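Subject: Structure handover and findings

Dear colleague,

Please find below the sequence and the structure that I am passing to you. The findings follow directly after it.

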Amino acid sequence: VEAVHLIADGKAPRIPQPKEGATYEGIQKKENAEISWDQPAATLHNWIRGHDKVPGAWTTIDDQVVTLYGSSLLDASVPAGQELVIKGASRPGLVTKNGLVVFGNDGKMVLVRNLQFEDGRMILASKYFSADETAALELTEEEKKMAEDIR
C-alpha cells in the first residue's frame, strides 16, 4: 500500500536500469540459432520452438540454409517418407505426408511442419520434394467468361 501511495504522489524512488544485460539482442542473432543435431529429440524440439519466429532455428540442406518452424515431438513408429540428408545429422530426415521428421541422438523423433529458404520462400515441409513443381492454371470456358466479365 505504501508503494502505491508513493507512486500516486510522484515520490517513488527511480532506479535506472543498468545497461549490461538489458537486451536480448545478443541471443536473437541468426548465427546463434544453428541447430546442433547431436542432442536428444526433446532438446531439438525445444531449440526449434524456442527460435520460432525470430530468428528461426536453421540448418543446411542441399548446400542452402533452411529455417525450421513448427516442431512437435513425435511419439509413434517411424513413418514412411523420402530421405533427406541434413548436414550434421547422424541420420537423414524423412519428408512425410505430415512434414519433415528429424531424429535426435536418442532415436526419438521430431516433426517439423514448415521450412523457409534463404530467398524467403516458406513451404510446408511435406512439400519439400515437390516445391519446384509448378502447375499451370487452366480455366474452363465458364471461368474464362467470368474473368472477362470481371475485367
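The protein has a mean pLDDT of 87, and 91% of its residues reach 70 or more; pLDDT is the predictor's confidence in each residue, from 0 to 100. This is a predicted model, in which local features need pLDDT of at least 70, side-chain atom pairs count only at pLDDT 80 or more, and totals for chains, interfaces and linings use all residues. Residues are numbered from 1 along each chain as its sequence is written, and side-chain values use heavy atoms, with hydrogens and water left out. Confidence is highest in strand 5, at a mean of 96, and lowest in helix 3 (residues 141-150), at 83. Helices (H or I, at least four residues) and strands (E, at least two) are DSSP runs, numbered from the N terminus.

From the UniProt record, an unreviewed entry, comes the feature "domain: Formyl transferase C-terminal" at residues 29-130. UniProt positions are in the numbering used here, feature names are shortened, and annotations may be inferred rather than shown by experiment. Over residues 29-130 the chain is 39% strand and 10% helix, with 31 Å between the end C-alpha atoms.

Strand 5 and its partners

Strand 5 (residues 99-103) is largely enclosed by the rest of the structure, because five of its five residues are buried; buried means under 20% relative accessible area, exposed over 50%, and partly exposed in between (1.4 Å probe, protein chains only). Three bridges pair strand 5 with strand 4 (residues 93-96) in the antiparallel sense, where two strands pair if DSSP finds at least two bridges between them. Threonine 96 has glycine 99 of strand 5 as its bridge partner, and two residues separate the two strands of this hairpin, strand 4 and strand 5. Strand 5 also runs antiparallel to strand 6 (residues 109-117), joined by four bridges. Valine 101 is bridged to leucine 111 in strand 6. The hairpin of strand 5 and strand 6 has five residues between them, and glycine 107 in the turn has a positive phi of about 85°.

Nonpolar cores

A nonpolar core is a set of buried Ala, Val, Leu, Ile, Met, Phe, Trp, Tyr and Cys residues joined through side-chain atoms within 4.5 Å. The largest one has 21 residues, and Leu68, Leu100, Val112, Leu115 and Tyr128 have the most contacts inside it. Two or more residues of this core come from each of helix 2 (41-50), strand 1 (57-61), strand 2, strand 5 and strand 6. Strand 6 gives the largest share, four residues. Apart from this core lies another, of five residues, among them Val101, Phe103, Met109 and Leu111.

Threonine 67 lies in strand 2 (residues 64-74) and counts as buried at 5% relative accessibility. Its side chain makes a polar contact of 2.9 Å with that of lysine 30. A polar contact is a pair of N or O atoms within 3.5 Å; within protein, one must be able to donate a hydrogen and the other to accept it, and residues adjacent in sequence count only if both atoms are side-chain atoms.

Serine 71 is also found in strand 2 and is buried, with a relative accessible area of 6%. The side chains of serine 71 and histidine 45 are joined by a polar contact of 2.7 Å.

Kind regards
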